[in-house]
Number of protein chains: 2
Amino acid sequence: MFDVLRNHIEKKVSLTDDEFAQASALFTIRKLKKKQFLLQQGDVCRYESFVVTGCLKSYHTDDQGVDHVLRFSVEYHWAGDLDSFINKTPSSFNIEAMEPVTLLVIDEPSLDQLYQCVPKLETFFRLLNQNALIATSQRVIKNLSIPASERYHLFLQANPHLVQRIPLKDIASYLGITPVFLSKLRREKPGF
Amino acid sequence: MFDVLRNHIEKKVSLTDDEFAQASALFTIRKLKKKQFLLQQGDVCRYESFVVTGCLKSYHTDDQGVDHVLRFSVEYHWAGDLDSFINKTPSSFNIEAMEPVTLLVIDEPSLDQLYQCVPKLETFFRLLNQNALIATSQRVIKNLSIPASERYHLFLQANPHLVQRIPLKDIASYLGITPVFLSKLRREKPGF
DNA sequence: TTTTACACTTAAACCAGGTGAAGAAAACCG
DNA sequence: CGGTTTTCTTCACCTGGTTTAAGTGTAAAA
């Protein structure tokens with residue numbers, strides 16, 4: 001369980017046994033059933049969560065009741081709303097388990113404490129957010145410059161595993177199109 | 001000149017004179033004329049740049065030759081391509097001065113060194129990227145959930161100063177619409 | 001002073017993608 | 001297994017936004 005987390009962290013910074021012990025003491029295990037919520041829009045996000053098994057989606061429900069998927073979090077990735085977590089503001093996201101999920105969660109005071117005790121972990125989370133920022137910026141540009149059909153095929157290539165696991169309507173939502181239109185795309189350009 | 005940078009940093013973390021001296025020794029002053037490039041698509045981004053005066057745009061030119069603006073960097077903000085800067089890969093962005101610009105620039109080895117000597121500055125840049133990630137994520141959701149006309153008015157409200165400084169076509173590009181359509185929007189819903 | 005260049009507007013034809021409704025196919029659950 | 005719910009598809013029609021192309025205003029270059 002915790003060794004998965006250690007493995008994940010040590011891909012970016014190396015830790016002594018003692019340092020990792022300090023860290024793991026601050027995480028707790030949490031399980032969710034399919035369709036359970038880790039966070040509901042309007043609530044404050046109290047935890048950053050490392051996904052050990054399963055898959056979650058983070059999505060915003062707009063005033064017309066339409067969902068827009070920001071990201072999927074699968075094994076060895078993180079789930080949470082950074083804005084709400086840091087600033088203690090009501091979140092504008094739902095985070096929902098798409099499958100039974102096992103998480104290692106940490107709250108904000110503990111994470112702060114961890115940064116003090118083990119500065120290497122501040123570096124780790126800095127790198128994590130740096131990569132997330134890079135990926136999100138690329139997504140903005142792709143959404144602006146690439147038509148939906150191509151965005152769909154790029155998504156398929158980049159996430160062949162995900163497509164088997166999650167409903168198409170959620171992929172459509174992630175891509176910024178309707179399920180109806182995605183269906184049309186699949187009919188027109190099959191294969192690939 | 002450098003006091004502007006210090007002021008900016010101390011909004012997030014406080015520094016001793018000595019700590020700031022170590023930092024400022026690693027930055028150098030750079031000036032650009034209007035229309036000069038800080039970075040050209042395809043080159044590796046060697047510097048993170050703090051904007052003292054002026055305004056720049058970061059944009060990607062797609063295979064059809066169309067520009068897509070990722071961000072504007074004005075006074076007391078930063079310019080650079082994080083992906084290219086960190087990973088030393090050819091950048092997919094141009095960064096161009098829209099006005100005469102004065103910058104304080106730092107290269108990657110120096111920044112790394114700075115993180116070692118003054119850990120508080122690692123915290124500072126972590127917070128900076130954290131905020132950028134939050135803002136960029138919100139932009140993804142807004143682009144997916146809000147129609148162009150509303151996005152335009154939100155942009156006006158949020159950046160009243162910018163609109164006076166930069167061409168409308170660049171705002172259109174930032175919003176993900178054509179200048180022609182932006183012009184139509186302005187005609188239909190004037191005022192505000 | 002004239003020329004060139006670029007930003008902005010207008011209008012009309014066009015298309016990528018959305019809407020609503022309704023059925024077929026899967027997936028879920030007792 | 002059988003019934004319910006959810007997902008996926010199809011079709012007919014609609015709209016927000018693009019494209020192309022022409023015209024105007026302005027500022028800088030020559």
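Predicted model: local features only at pLDDT ≥ 70, side-chain atom pairs only at ≥ 80, totals over all residues.
Conventions. I number residues from 1 along each chain as its sequence is written, with chains lettered from A and ligands numbered from 1 in the order written. Local features need pLDDT of at least 70, side-chain atom pairs count only at pLDDT 80 or more, totals for chains, interfaces and linings use all residues, and side-chain values use heavy atoms, without hydrogens and water.

DNA strand C. I looked up the residues around the strand (a heavy atom within 4 Å of it) and found 16, the closest being A:Lys34, B:Leu168, B:Lys169, B:Ser183 and B:Arg187. I then looked up distances to phosphate oxygens: a backbone N or O atom lies at 3.0 Å for B:Leu168 and at 3.2 Å for A:Ala148. For B:Arg186, a side-chain N or O atom is 3.4 Å from a phosphate oxygen.

Chains A and B. I counted residues in contact (heavy atoms within 4.5 Å): 32 from chain A and 31 from chain B. The buried area (accessible area, 1.4 Å probe, lost on putting the two parts together, summed over both) is about 2900 Å², 70% of it on carbon and sulfur atoms. B:Arg126, B:Leu133 and B:Leu144 lose the most area in chain B, together 21% of what that side buries.

I searched for salt bridges (side-chain nitrogen of Lys or Arg within 4 Å of a carboxyl oxygen of Asp or Glu) and got two across this interface. A:Glu122 and B:Arg126 form a salt bridge at 2.8 Å, N to O.

How values were computed
Polar contact = N/O pair within 3.5 Å; in protein donor to acceptor, adjacent residues only side chain to side chain.
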